[in-house]
Amino acid sequence: MSKGTNDLVMRLKNAFPKSRIISGPQAATTAEEVWSFDGNWLAIRRKNLNSTSEAILQDLSDQNYTTTAQNNPWYQFLTQQSTILPQAASKTVRIIQFKLTFRDQSNQAELEQSISDLFNHLVSHFYLNTQTLIVVQANGPETLTLTELESILQTVESDFFVKIQAFIGNYWPLDEQLALIFNEEQAVFSKSTSSVSSLATLALDYYARPQLRESPLAQQLNSILNKDSEIKDVIIALYQSAGNLSSAAKKLFLHRNTLQYRLERFYESTNLNLKQMDDLVLCYLLITAFKD
């Protein structure tokens, strides 16, 4: 078993001994149902499920679907209840996911409308479950950057007494693979702790983390990083600043020369030059892989 597989999946594997841990999203079959749990995928034989166990698995999974939008063709397609491609004005669409933590659920419909109104080229919007709003957008000129969207959502949070996390999906061809891609984007999004994120901001952590956590070499490098109590903040700031020393120094509230000294001291002790992008990305991946 992979060390990257989470405890929930291992407990479910024990509960369903005939189930299979798989590497990524697959279409459900007449013999097996497929779910992801915090980004780990499990295929369970339908004959081992009953209505109660299926409902529990659905609640626990990243693909936690409700039935309130059951007549929406996009809901049916993305949840793999239908293979009929929904209609859209564009040949490519993206799916924007919103995780919502409500203090008051009485204004869900109004919140849905307020969020969907932020996007041009709107194709559809619906609640996937009580805490996940989906917006489908056709490809076209953008009006909001991620930073602008984050700022607007902060206002929406105040107006509706709700905590919002947004995941901006990539534009994908509208074909039969889109439902599986949506499943995988859900799994990627489950790892996010940011208020607004995208595949680009999460992909390194999601795809590299399991392999790094299993690697003795990476474990040893991580132990070297842990010996310097200050360097992790430096690495994160440099990565977020695309390696720009002046910008990173401002983030860290340091003089540029002080930052330069820390980088030289780190290089002398590790032979890792954080002014080189390859070394910087490696160290950043190590931090994200072993952060918990």
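The chat below goes through a predicted model of one protein, from its overall build to a few single residues.

Reader: What kind of model is this, and how are residues numbered?
Author: This is a predicted model, in which local features need pLDDT of at least 70 and side-chain atom pairs count only at pLDDT 80 or more, while totals for chains, interfaces and linings use all residues. Residues are numbered from 1 along each chain as its sequence is written, and side-chain values use heavy atoms, with hydrogens and water left out.

Reader: OK, how many helices and strands does the protein have?
Author: The protein has 12 helices and nine strands, where helices (H or I, at least four residues) and strands (E, at least two) are DSSP runs, numbered from the N terminus. Its C-alpha atoms fill a box of roughly 60 × 45 × 40 Å, taken along the principal axes.

Reader: And what share of the residues is buried?
Author: Of the 292 residues, 47% count as buried, and here buried means under 20% relative accessible area, exposed means over 50%, and partly exposed is in between (1.4 Å probe, protein chains only).

Reader: Switching topic, how many aromatic pairs are there?
Author: The count comes to five aromatic pairs, with rings of Phe, Tyr and Trp (its six-membered ring) taken to pair if their centres lie within 6.5 Å; planes under 30 degrees apart count as stacked, over 60 as edge-to-face and the rest as tilted. One of the pairs is formed by Y75 and F126, which is edge-to-face, at 5.9 Å centre to centre and with 90° between the planes.

Reader: Which parts does that pair tie together?
Author: Y75 lies in helix α3 (residues 73-78) and F126 in strand β5 (residues 122-129), so the pair ties together parts that are 51 residues apart in sequence. Both Y75 and F126 are buried.

Reader: What sits over the ring of F189?
Author: The charged end of K99 does, 4.8 Å from the centre of that ring; a charge sits over a ring if NZ of Lys or CZ of Arg is within 6 Å of the ring centre and within 35 degrees of the ring normal.

Reader: Which residues other than glycine have a positive phi?
Author: Among them are Q80, with phi near 60°, and F253, with phi of about 60°. Most residues other than glycine have a negative phi.

Reader: Where are Q80 and F253 found?
Author: Q80 lies in the loop between α3 and β4 (92-102), and F253 is found in the loop between α10 (245-252) and α11 (256-270).

Reader: Is F253 buried or exposed?
Author: F253 has 77% relative accessibility, so it counts as exposed, whereas Q80, at 31%, counts as partly exposed.

Reader: Now helix α9, which of its residues are buried?
Author: In α9 (residues 231-240), the residues I231, V234, I235, A237 and L238 are buried. The buried residues of α9 pack against α8 (216-226), α10, α11 and α12 (277-289), and the helix is followed by A242, whose phi is positive, near 55°.

Reader: What is R262 in contact with?
Author: Leaving aside its neighbours within four places in sequence, R262 is in contact with E230, V234 and L254, contact meaning heavy atoms within 4.5 Å. R262 has its place in helix α11 and is buried, with a relative accessible area of 19%.

Reader: How far apart are R262 and V234?
Author: They are 28 residues apart in sequence and 8.6 Å apart in space, C-alpha to C-alpha.
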